[in-house]
Amino acid sequence: MARSGTHARQSCFQRRTGMADVNIDEWKFVLVILASALACGAARAEGAGDPAVASSDNGKYADKDGNPTYKVSPDGVVDWYTYSGFRRYHSDCHVCHGPNGEGSSYAPALANSLKTLSYSDFVNIVTNGRKNVDAANDKVMPAFATNVNVMCFIDDIYVYLRARANDAIPGGRPPSHEDKPEAAKQAEASCTGIK
């Protein structure tokens with residue numbers, strides 16, 4: 001696949017599976033199947049790994065293993081996707097997981113969880129949900145597989161939480177961010193269907 005604007009618009013999932021021209025319903029179905037396979041142990045990565053930027057594609061950064069990662073400049077400016085992840089996290093996730101990924105009585109602190117949770121495990125849990133019900137716990141994470149406000153931005157949410165897990169950014173809204181790349185605009189319109 002050529003590294004063009006099309007490549008930049010694709011999520012890590014789309015690049016890894018070669019499914020760039022799939023409509024959103026097909027994409028969701030495939031993502032659910034992939035996450036189920038990962039849950040069964042088909043592909044397990046150990047922990048979140050080194051978050052250092054190893055590659056860049058139109059403002060989207062990846063670590064040496066190809067997992068989404070963040071970039072924070074010395075003056076505190078975050079990449080667009082980390083900022084977008086902050087926005088999406090606080091739109092759909094913070095109600096249970098607390099502000100800034102710090103947890104609550106309902107759900108764990110994701111800023112801590114992402115210190116050891118791999119990208120594939122994160123995608124699996126968000127897609128399929130998780131139940132932790134026993135004598136001491138009654139916690140249920142709902143599946144977000146059909147929520148485009150989460151699934152279309154899952155890489156963004158991951159990089160935001162990864163930055164929080166590594167203390168690369170403080171809590172609260174990042175004070176400054178890079179401009180939204182054209183590739184991000186196109187990917188958002190393609191995935192959500194909203195132009």
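This report looks at the aromatic contacts and the cysteines of a predicted model.

## Aromatic pairs

Let's start with the rings: five aromatic pairs are found in the structure. In one of them, the ring centres of tyrosine 119 and tyrosine 158 are 5.0 Å apart, and the planes meet at 70°, so this pair is edge-to-face. Tyrosine 119 belongs to helix H7 (residues 119–128) and tyrosine 158 to helix H9 (residues 154–165), so the contact ties together parts that are 39 residues apart in sequence. Both tyrosine 119 and tyrosine 158 are buried.

Elsewhere, Phe86, Tyr89 and Tyr160 come together as one aromatic cluster.

## The disulfide

The structure has one disulfide, formed by cysteine 152 and cysteine 191 with their sulfur atoms 2.0 Å apart. The torsion about the S-S bond is about -80°, so the disulfide is left-handed. The bond links distant parts of the chain, 39 residues apart: cysteine 152 is in the loop between helix H8 (148–151) and H9, while cysteine 191 is in helix H10 (residues 182–192).

Cysteine 152 counts as buried at 18% relative accessibility, and cysteine 191 counts as buried at 15%.

What is the closest cysteine sulfur to that of cysteine 93? It is the sulfur of cysteine 96, 8.9 Å away and too far for a bond. Cysteine 93 is buried, with a relative accessible area of 15%, whereas cysteine 96 is partly exposed at 37%.

Conventions
Residues numbered from 1 in each chain as written. Predicted model: local features only at pLDDT ≥ 70, side-chain atom pairs only at ≥ 80, totals over all residues. Heavy atoms only, no water. Phe/Tyr/Trp six-rings, centres within 6.5 Å; stacked < 30°, edge-to-face > 60°. Helix = DSSP H or I, 4+ residues; strand = E, 2+ residues; numbered from the N terminus. Buried < 20%, exposed > 50% of the residue type's maximum accessible area, 1.4 Å probe, protein only. Disulfide = S-S within 2.5 Å.
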